[in-house]
Amino acid sequence: MEVLGIDIGGSGIKGAPVDTASGRLTEERLRIPTPQPAKPREVAEVVVEIVKHFDWTGPVGVTFPGVVVDGVIMTAANVDHSWIGVDARKLFDGATVLNDADAAGVAEMRFGEGRDRMGTVIMLTFGTGIGSAVFVDGVLVPNTELGHLELHGKDAERRASDRAREEHDLGWEKWAGRVEEYLRHVEMLFSPSLFVIGGGVSKKADKFLPYVHVDTAVVPARLRNEAGIIGAALAVK
């Protein structure tokens, strides 16, 4: 089955048709910068633009960077707070809507580094914020939002996200120290068997992962930054 997957991020909105049997994009993805401020109507207009770009009339899955419960947005840390309480499923004309990191994790567990892995596997996406997806024996625990764990009195994503790296002009090795500190905190809480690192930085893993030393195995996401699109498509039943 082909499904249009759309991944809403703090800086970009990406979409492409996905073959859900193989987990492959069937056309080149389209990326449009996220409107600023990222309010519901403006973001919905971009989603419509992506649907029209692919002349799409079939099923659609959409990710959102916040807690999503039955299609309703409950938190909006990295987009406009006017999203809170919005029925995104209705806004996106009946599309399936889920948390962006959960979507990326679902894709990585089906087609990537998490495939056939038992125990506790944690996918962490480093971008505008830090998203998380936690799986226990392959089953998703939705909406964990571990980027908002407290470190040094503030949200961890304010210290260790890719945006924090850019805003504080950190070199890769120095930023890796912050990532390691964060992973050690998550490791202490969950004792996972595997960390999968996704988001935009996953394609640059060789620049920082060699400097990250924790007890848990850490690997870059195999699907790189396409995981959210693929996971959005897989979420459509």
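The buried residues of helix H8 (227-234) are Ala227, Gly228, Ile229, Ile230, Gly231, Ala232, Ala233 and Leu234, where buried denotes a relative accessible area under 20%, exposed over 50% and partly exposed in between, computed with a 1.4 Å probe on the protein chains only. Because eight of the eight residues of H8 are buried, this helix is largely enclosed by the rest of the structure. Helices (H or I, at least four residues) and strands (E, at least two) are DSSP runs numbered from the N terminus. The model is a predicted one, in which local features need pLDDT of at least 70 and side-chain atom pairs count only at pLDDT 80 or more, while totals for chains, interfaces and linings use all residues. Residues are numbered from 1 along each chain as its sequence is written, and side-chain values use heavy atoms, with hydrogens and water left out. The packing partners of the buried H8 residues are E1, E2, strand E3 (24-25), strand E5 (60-64), strand E8 (96-99) and H3, contact being defined as heavy atoms within 4.5 Å.

Helix H1 comprises 14 residues (40-53), which should span 20 Å at 1.5 Å a residue; the end C-alpha atoms of H1 are 20 Å apart, in agreement with this value. The expected span of a helix is taken as 1.5 Å times one less than its number of residues. Within H1, the buried positions are Pro40, Val43, Ala44, Val46, Val47 and Ile50. These residues cover an arc of only 155° around the axis, which places them on the same side of H1; the arc is that of the directions from the helix axis to the C-beta atoms. An α-helix has 3.6 residues a turn, so residues three or four places apart point the same way. Arg41 and Lys52, on the other side of H1, are exposed. The buried residues of H1 pack against E1, E2, strand E4 (30-33) and helix H2 (88-91).

In the loop between E4 and H1 lies Pro37, which is joined to Gln36 by a cis peptide bond with omega of about 0°. The loop between H1 and E5 holds Asp55, a residue other than glycine with a positive phi near 50°. Asp55 counts as exposed, at 66% relative accessibility. A positive phi of about 55° is also found for His152, although it is not a glycine. His152 is placed in the loop between strand E12 (150-151) and strand E13 (154-155) and counts as exposed at 56% relative accessibility.

Helix H6 (172-190) has 19 residues and reaches 26 Å from its first C-alpha to its last, close to the 27 Å expected at 1.5 Å a residue. The buried residues of H6 are Trp172, Trp175, Ala176, Arg178, Val179, Glu180, Tyr182, Leu183, Val186 and Glu187. One of them, Ala176, has a relative accessibility of 0%. Ala176 touches Phe208, Tyr211 and Val212, with residues up to four places away in sequence not counted. The C-alpha atoms of Ala176 and Ala160 are 8.4 Å apart, and these residues are 16 apart in sequence. Just after H6, Ser191 takes a positive phi of about 45°.

The largest pocket has a volume of about 810 Å³. On a 1 Å grid over the protein atoms alone, a pocket is an open set of points where a 1.4 Å probe fits, with protein on both sides within 12 Å along at least five of seven lines, and lining residues have an atom within 4 Å of a point. Grid points are joined across faces, edges and corners, and the volume is the space filled by probe spheres set on the points. The lining consists of 42 residues, of which Phe126, Gly127, Thr128, Gly199 and Gly200 lie nearest the centre of the pocket. Elements giving two or more residues to this lining include strand E1 (2-8), strand E2 (12-19), helix H3 (100-111), strand E9 (120-126) and helix H8 (227-234). The largest share, four residues, comes from H5. By class, the lining has ten nonpolar, 18 polar and 14 charged residues; Ala, Val, Leu, Ile, Met, Phe, Trp, Tyr, Cys and Pro count as nonpolar, Asp, Glu, Lys and Arg as charged, and the others, Gly among them, as polar.

Strand E9 also contains Thr125, which is buried with a relative accessible area of 13%. Thr125 touches Ala101, Ala104, Ile130, Gly131, Gly198 and Gly199, not counting residues up to four places away in sequence. The C-alpha atoms of Thr125 and Asp162, 37 residues apart along the chain, are separated by 9.3 Å.
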